[in-house]
Amino acid sequence: MTDFSRLLAGLKLPSWMDRGDPARLLRACVKFWSQVYSWLTWPLRQFDPLTCAEPLLNLIAWERDIARFKGEPIGLYRKRVSYAFINAQQAGEIAGFIAIFERLGIGYVELQERQEGMDWDVITVRVTDSQVSDNSDLLLEIIRKYGRTCRRYRFEVITSLPVHINIGWYQGDYICWPATLGDVKNESSATYSASLL
């Protein structure tokens, strides 16, 4: 909500005028000036890829060297165009590449470089199986657009499984109370007892 819209919404009539025709007139004025404000700010909103008209979005995308792939939703296309500069700037680092995935709404990703037993130019991208199935075209487009030159990318699927571990605490002592036999001549009985605390 903009400052102007907040000011319009905050307009109140005195208590003796807040019913009937004056209240209706106030509502009509607020609606009218909100519409006038949207007309005046429409050209400014066209510079924002997240809110501009679709024909202008295509022009901004062409300017930023972004092509819409087949079946791409308009919301994702708008995000890719909006974040084109920052994505291109941060694409050379591992943290920047991970940030690209977060900005575009793909989710958690791991990147591993120069792994032992593999060629030095192979970069492993670890994602979940749902990310691969939901965003396969987008993942390939990100690798094509922002991947490092002279590097090969390999996808690995990671799966998380919930594990439940039950723990308990046992603290006790085993105490043995010795008993002695009574005097054998008196024929007293022997008493033995032990307890587990």
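Guide: A quick term before we start: helices here are DSSP runs (H or I) of at least four residues, numbered from the N terminus. Also, this is a predicted model.
Visitor: Thanks. So where is phenylalanine 4?
Guide: Phenylalanine 4 sits in helix H1, residues 3-9.
Visitor: Is phenylalanine 4 buried or partly exposed, and why?
Guide: Partly exposed, because its relative accessible area is 32%, and buried would mean under 20%.
Visitor: Which residues make a nonpolar surface patch?
Guide: Phe4, Phe32 and Trp33 make one of about 310 Å².
Visitor: Now the inside. Which residues touch the most other members of the largest nonpolar core?
Guide: Phe97, Phe101 and Ile142, out of 26 residues in that core. Helices H3, H4, H6 and H8 and strand E2 each give two or more residues to this core, and the largest share, five residues, comes from H8.
Visitor: What does phenylalanine 97 touch?
Guide: Leaving out residues up to four places away in sequence, its contacts include Leu111, Ile142, Ile143, Tyr146 and Tyr153.
Visitor: And H4, what do its buried residues pack against?
Guide: H3, helix H5 (84-90) and H8. The buried residues of H4 are Leu76, Tyr77, Arg78, Arg80 and Val81.
Visitor: Switching topic: where is glutamate 72, and is it buried or exposed?
Guide: Glutamate 72 lies in the loop between H3 and H4, and it is buried, with a relative accessible area of 3%.
Visitor: What does its side chain reach?
Guide: The side chain of glutamate 72 reaches the backbone nitrogen of tyrosine 77 at 3.4 Å. Beyond its neighbours within four places in sequence, glutamate 72 contacts Ala67, Tyr77 and Arg80.

Methods: Residues numbered from 1 in each chain as written. Predicted model: local features only at pLDDT ≥ 70, side-chain atom pairs only at ≥ 80, totals over all residues. Heavy atoms only, no water. Core = buried A, V, L, I, M, F, W, Y, C linked by side-chain atoms within 4.5 Å. Buried < 20%, exposed > 50% of the residue type's maximum accessible area, 1.4 Å probe, protein only. Contact = heavy atoms within 4.5 Å. Patch = residues over 30% accessible without salt bridge, like charges linked within 9 Å, V, L, I, M, F, W, Y side chains within 5 Å. Areas by Shrake-Rupley, 256 points an atom, 1.4 Å probe, with all protein chains shown as cover. Salt bridge = Lys/Arg side-chain N within 4 Å of Asp/Glu carboxyl O. Polar contact = N/O pair within 3.5 Å; in protein donor to acceptor, adjacent residues only side chain to side chain.
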